[in-house]
Amino acid sequence: MVNFKLNRVYTLVSTLLIASTLFVSSVHAQNNEIKESCSNVVALFNDGDIDGALEEARWCVTQLEQLKQGQTSSYFKDEIDGYKGGKLDVQQAMGMSMIERRYTKGNDSVQVSLSGGVSNIAASALEAFASFGVNATPGKKIRIQRRTATLNNQSDSPQLLVTLKSGGILTFESSQLSEDALVAFAKSFPIAELDDSRK
C-alpha cells in the first residue's frame, strides 16, 4: 500500500515536472521567435529592404501584442469565488481587443468582458471614450478595488462597468444574479492586478 502511494506521488511529480518543462520551453521558444522577428527589422533596414523591414516590423508588433494579450488573459482565472470559468474568447481587430469568459456556479452565471486597445494610441482613444461612456451611463456609481464602476440595472440583466486606469472597460453582466451578488463577484475578480499589468 505504501509503495502504491509512493508510486502515485512519483508519477504525479514526474508529470508536473514534464509539464512545467514543456511550458518553459514553449515560452522560451516564443520569446526567441519574437526577438528574432524584431531583430530582422534592423537587419532588413540596414540592407536597404524598406518594404521587408516594414512587413517584419508589423509581424514583430503583432507578436508583442499577442504576448501582452496572453498575459492579460491569465487574469481571467479558471475559478472566481466558486464560479467555474468557461471557454476564454480572445479577439483582436484594428488595434482593439476583446477578452470574454463566462463563469458558472449551479444555475447562476456571469459574463465578464474586457474591451481595450492593444496599442497606446488605441488605448488612449478608448480610455477617453470609456470615460465619457461610463459617465454618461445611468446608474449608481461605486468604487471597486480603487476603480470607479457604474452599476446599471435598467434591463433584466444587471450590468457593472468598471473603468480601468490603463484604459478600457471591464464589464460584468448576469441575468440571474442580484445587484449585490454581481458586485460581490466583481470584488472577487483580480481587477486591480489585471489593470496594473496592462500599464
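Reader: Which side chain does the side chain of Asp-195 join through a polar contact?
Author: The partner is Arg-147, and the polar contact between the two side chains is 2.8 Å. Please keep in mind that this is a predicted model.

Reader: And where is Asp-195 placed?
Author: Asp-195 belongs to helix H5.

Reader: Is Asp-195 buried or exposed?
Author: Asp-195 has a relative accessible area of 0%. Buried means under 20%, so Asp-195 counts as buried.

Reader: What is Asp-195 in contact with, leaving aside neighbours within four places in sequence?
Author: Asp-195 is in contact with Arg-147, Leu-164, Lys-165 and Ser-166.

Reader: New topic: how many aromatic pairs does a search of the whole structure find?
Author: The search finds six aromatic pairs. One of them is formed by Tyr-83 and Phe-185, with an edge-to-face arrangement, 5.1 Å centre to centre and 80° between the planes.

Reader: Why does that pair tie together parts that are apart in sequence?
Author: Tyr-83 lies in strand E2 (residues 83-85), whereas Phe-185 lies in helix H4 (residues 179-188), so the pair ties together parts that are 102 residues apart in sequence. Both Tyr-83 and Phe-185 are buried.

Reader: What about Phe-172 and Phe-189?
Author: Phe-172 and Phe-189 form an edge-to-face aromatic pair, with 5.5 Å centre to centre and 80° between the planes. This pair links distant parts of the chain, 17 residues apart: Phe-172 is in strand E9 (residues 169-173), and Phe-189 is in the loop between H4 and helix H5 (191-197). Both Phe-172 and Phe-189 are buried.

Reader: Which residues form the aromatic cluster?
Author: One cluster is formed by Phe-76, Tyr-83, Tyr-103, Phe-172, Phe-185 and Phe-189.

Reader: Let us turn to the surface. Which residues form a nonpolar patch there?
Author: Phe-45, Ile-50 and Leu-54 form that patch, and together they have about 300 Å² of accessible area. Ile-50 is located in helix H2 (residues 50-73).

Reader: What is the relative accessible area of Ile-50?
Author: The value for Ile-50 is 43%. Patch residues need over 30%, so Ile-50 passes that cut-off while being partly exposed.

Reader: And where is Ala-57 found?
Author: Ala-57 is also found in helix H2. Ala-57 is partly exposed, with a relative accessible area of 25%.

Reader: How many residues apart in sequence are Ala-57 and Asn-40?
Author: Ala-57 and Asn-40 are 17 residues apart in sequence, and their C-alpha atoms are 8.2 Å apart in space.

Terms used:
Residues are numbered from 1 along each chain as its sequence is written. This is a predicted model: local features need pLDDT of at least 70, side-chain atom pairs count only at pLDDT 80 or more; totals for chains, interfaces and linings use all residues. Side-chain values use heavy atoms; hydrogens and water are left out. Patches are made of residues with over 30% relative accessible area and no salt bridge: like charges are joined within 9 Å, nonpolar side chains (Val, Leu, Ile, Met, Phe, Trp, Tyr) within 5 Å. Accessible areas come from the Shrake-Rupley method with a 1.4 Å probe; for residues, only the protein chains shown count as cover. A salt bridge is a side-chain nitrogen of Lys or Arg within 4 Å of a carboxyl oxygen of Asp or Glu. Helices (H or I, at least four residues) and strands (E, at least two) are DSSP runs, numbered from the N terminus. Buried means under 20% relative accessible area, exposed over 50%, partly exposed in between (1.4 Å probe, protein chains only). Rings of Phe, Tyr and Trp (its six-membered ring) pair if their centres lie within 6.5 Å; planes under 30 degrees apart count as stacked, over 60 as edge-to-face and the rest as tilted. A polar contact is a pair of N or O atoms within 3.5 Å; within protein, one must be able to donate a hydrogen and the other to accept it, and residues adjacent in sequence count only if both atoms are side-chain atoms. Contact means heavy atoms within 4.5 Å.
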